[in-house]
Amino acid sequence: MTAAPVIGLIAKPETSIALYADAISRTGGIPRLIDSDAIRAPSEIIAEIAGLLIGGESDFDHLSCHRVQDTDDEGLRNGSLELSLLKNAMFEDLPVLGICRGMQALNVALGGSVTTDPELGKTHGTESSEDSALHRIFISPGSKLAAIVGSGGIVRVNSRHRQCVTEQHKARKLLASAYSLEDGVIEGLESPEHHWIIGIQFQPERLLEIPPHFERLFQSFIERAVRYQA
């Protein structure tokens, strides 16, 4: 019998963690919270898990968002724990799911950046809003994201962010798999060079705000983590 995969979980603010942990548990994984204050090498953390989920609703640290090259170790060391974990996870081809802040971190880790737009708070919501904003996105047919959730095309999703990734800010090694129809903000990213590295700007862990077929995203993530540890 295959053991349930341990999924490393890091999110800011911490109020988001319970929702991610529940999503991991109900799809067959074991969530393990990564202590952002622990003095441990990111490579040691990655060696103990079968998948990495980075999420959260808070703004990404601008000091970590300057464009860096893939080989610029100094730039990554000066960045956040999220970036260092992502760098190690990608080296090991570990399954990675980045949600909201996590998608932005994925983009930065691969040499992209993010932008802050005050207008986003009006259409995409913010972490200080009581309710999420709802808007329509287009998921590209043929993308990994479309294959996982079962279809491409237009769908309504939630969001709670003021920062975003646009084509101008996208890392060259990532493919955009979804866009907001209102403003062209990238809503999905994926790596063609890895088996399962996906980032989304919306938040499928909020079950009452999202179409039910997005649960397949967590299921696919856990299934890939099971294969990774086999």
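This is a predicted model: local features need pLDDT of at least 70, side-chain atom pairs count only at pLDDT 80 or more; totals for chains, interfaces and linings use all residues.
Modeller: Residues are numbered from 1 along each chain as its sequence is written, and side-chain values use heavy atoms, with hydrogens and water left out.

Biologist: Why is Leu-110 called buried?

Modeller: Buried means under 20% relative accessible area, exposed means over 50%, and partly exposed is in between (1.4 Å probe, protein chains only). Leu-110 has 11% relative accessibility, so it counts as buried. You'll find Leu-110 in the loop between H5 and strand S5 (115–116). Helices (H or I, at least four residues) and strands (E, at least two) are DSSP runs, numbered from the N terminus.

Biologist: What makes helix H5 largely enclosed by the rest of the structure?

Modeller: Count its residues: nine of the nine in H5 (residues 101–109) are buried, so the helix is largely enclosed. Among them are Arg-101, Gln-104 and Asn-107. After H5 comes Gly-111, with a positive phi near 100 degrees.

Biologist: Why are H4 and H5 called roughly perpendicular?

Modeller: Axes are lines fitted to C-alpha atoms, for helices over the stretch in contact, and angles run from 0 to 180 degrees between N-to-C directions. Under 35 degrees is roughly parallel, over 145 roughly antiparallel, 65 to 115 roughly perpendicular, and the rest oblique. The axes of H4 (residues 81–91) and H5 cross at roughly 65 degrees and come within 9 Å, and the pair is therefore called roughly perpendicular.

Biologist: Which residues make that contact?

Modeller: Contact means heavy atoms within 4.5 Å. H4 brings Glu-82, Leu-83, Leu-86 and Met-90, while H5 brings Arg-101, Ala-105, Leu-106, Val-108 and Ala-109. Leu-86 also lies 8.9 Å from Leu-110, C-alpha to C-alpha, though the two are 24 residues apart in sequence.

Biologist: How do you know that S6 and S7 pair?

Modeller: Two strands pair if DSSP finds at least two bridges between them. S6 and S7 (residues 153–159) have seven bridges, in the antiparallel sense, and Ala-133 stands opposite Ser-159. S6 also has three bridges to S9 (residues 175–180), again antiparallel, where Ile-137 stands opposite Ser-180.
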